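Trainee: Can you walk me through this model? I would like to go loop by loop, then through the rest.

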Amino acid sequence: MSVQAPVHSRTTHHWQRELATAVRSGMELRRRLRLPHSDSDSSATPAAESDFPVLVTESYLQRMRPGDPQDPLLLQVLPQHSETQQQPGFRADPVGDLQAELTPGVLQKYHGRALLVTTGACAIHCRYCFRRSFPYADLPVSAEQWQQALRAIQEDTTISEIILSGGDPLLLTDGRLRNLVTQLEQIPHLDRLRIHTRLPIVLPSRITTELLDLLQQSRLQSIMVIHANHAAELAGDCRDAIQRLLRSGIPVLNQTVLLRHINDDADTLEQLSLSLINLGVMPYYLHQLDRVHGAAHFEVPEQQGRQLIEELTARLPGYAVPRYVQEIPGETSKTRISP
Ligand code: SF4
């Protein structure tokens with residue numbers, strides 16, 4: 001079987017139709033939210049957009065406050081003039097993805113785990129994305145290239161966990177995902193399938209019964225790591241999707257990126273942790289921003305991050321305080337910034 005083998009289906013799912021009608025320009029985003037159009041935006045954001053296009057689903061848009069240019073969800077996706085300015089220390093591959101490549105599509109950074117970059121597609125474009133410049137065009141395309149990626153995993157018997165990443169791996173159709181999972185199940189030394197995805201947050205309709213069945217039926221233990229940065233993201237159909245995942249017995253963890261003007265205060269992070277815990281999701285990581293070019297305006301100083309963790313520790317039960325970490329290229333694990 002091939003991961004890339006065409007899967008013919010007459011059915012277009014609701015999530016695929018929603019993705020097809022997503023907002024794809026800053027101008028449209030502003031119009032939908034009834035935001036003023038400033039001169040600086042009109043002159044500068046087209047350059048940022050051509051480098052990394054706007055993409056926002058209707059579901060996510062519905063959770064933004066109309067008329068509020070400081071909405072914390074909007075700030076994650078609206079292009080800014082500053083994205084086009086070079087900043088010292090900010091680069092295309094801040095986490096050393098390319099030096100960790102075993103073979104195209106397979107990255108290995110840490111013992112026992114390997115990461116499969118399944119697709120370059122996402123349902124949203126987060127302006128701070130550490131893979132915004134990843135060379136997705138070099139990913140395996142043909143069946144033979146995918147077999148080579150799977151062979152690399154097969155040949156390393158120390159790997160017990162595969163992380164499906166991207167882009168967003170849940171943008172693969174059920175057929176392609178099933179095909180991939182079936183092939184991974186045939187590798188005897190694999191025990192776990194971790195899925196890094198933002199779709200339960202930004203395209204909750206993707207969490208279909210078919211998807212849940214697929215994961216439940218696998219011999220591999222599924223673990224889903226979602227990505228929410230603000231409690232306002234955990235509303236409406238997003239909550240339903242997470243509850244469906246949890247009811248299916250799939251453990252759900254969350255990772256957050258510490259982002260300036262979005263979640264860089266203790267009240268906001270506390271509310272996020274409590275909202276996650278109350279849903280049944282463990283707050284797993286708080287990431288220091290990966291210094292990807294175009295994202296400097298999101299950076300929060302480490303010292304401030306440490307103070308925030310201290311405040312959270314004083315306010316919350318220990319299990320609700322995420323680990324504050326940074327990914328440093330070449331290290332054998334994520335680096336803890338504060339205990
Ligand atoms: S969903 Fe993840 S991979 Fe996609 S743009 Fe956002 S941060 Fe990047």
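Mentor: Start with Arg34, which sits in the loop between helix H2 (26–32) and helix H3 (39–51). Helices (H or I, at least four residues) and strands (E, at least two) are DSSP runs, numbered from the N terminus. Residues are numbered from 1 along each chain as its sequence is written. This is a predicted model: local features need pLDDT of at least 70, side-chain atom pairs count only at pLDDT 80 or more, and totals for chains, interfaces and linings use all residues.

Trainee: What is the phi of Arg34?

Mentor: Positive, about 55°, although Arg34 is not a glycine.

Trainee: Which peptide bond is cis?

Mentor: The one from Gly166 to Gly167, with omega near 15°. Gly167 lies in the loop between S4 and H7.

Trainee: Which residues are around the ligand?

Mentor: Cys122, Ile124, His125, Cys126, Cys129, Arg131, Gly166, Gly167, Asp168 and Arg198. A residue counts if its C-beta atom, placed from the backbone, lies within 6 Å of the molecule.

Trainee: And how does that shell split by class?

Mentor: Four nonpolar, three polar and three charged residues. Ala, Val, Leu, Ile, Met, Phe, Trp, Tyr, Cys and Pro count as nonpolar, Asp, Glu, Lys and Arg as charged, and the others, Gly among them, as polar.

Trainee: Switching to the sheet. What is the strand order?

Mentor: Ten strands form an open sheet, S1-S2-S3-S4-S5-S6-S7-S8-S9-S10, with mixed pairing. Two strands pair if DSSP finds at least two bridges between them. The edges are strand S1 (101–103) and strand S10 (335–336), each pairing on one side only.

Trainee: In what sense do S3 and S4 pair, parallel or antiparallel?

Mentor: Parallel, over five bridges, between residues 113–117 of S3 and residues 161–165 of S4. Val117 has Ser165 in S4 as its bridge partner.

Trainee: Now H7 and H9. What is the angle between them?

Mentor: About 5°, with the axes of H7 (residues 174–185) and H9 (residues 209–217) 11 Å apart. Axes are lines fitted to C-alpha atoms, for helices over the stretch in contact, and angles run from 0 to 180 degrees between N-to-C directions. That angle makes H7 roughly parallel to H9, a label for angles under 35 degrees.

Trainee: Which residues make the contact?

Mentor: Asp174, Leu177, Arg178 and Val181 of H7, and Glu210, Leu211 and Leu214 of H9. Contact requires C-beta atoms, placed from the backbone, to lie within 7 Å. By class, there are four nonpolar, no polar and three charged residues.

Terms used
Parallel < 35°, antiparallel > 145°, perpendicular 65-115°, else oblique. Contact = placed C-beta atoms within 7 Å.
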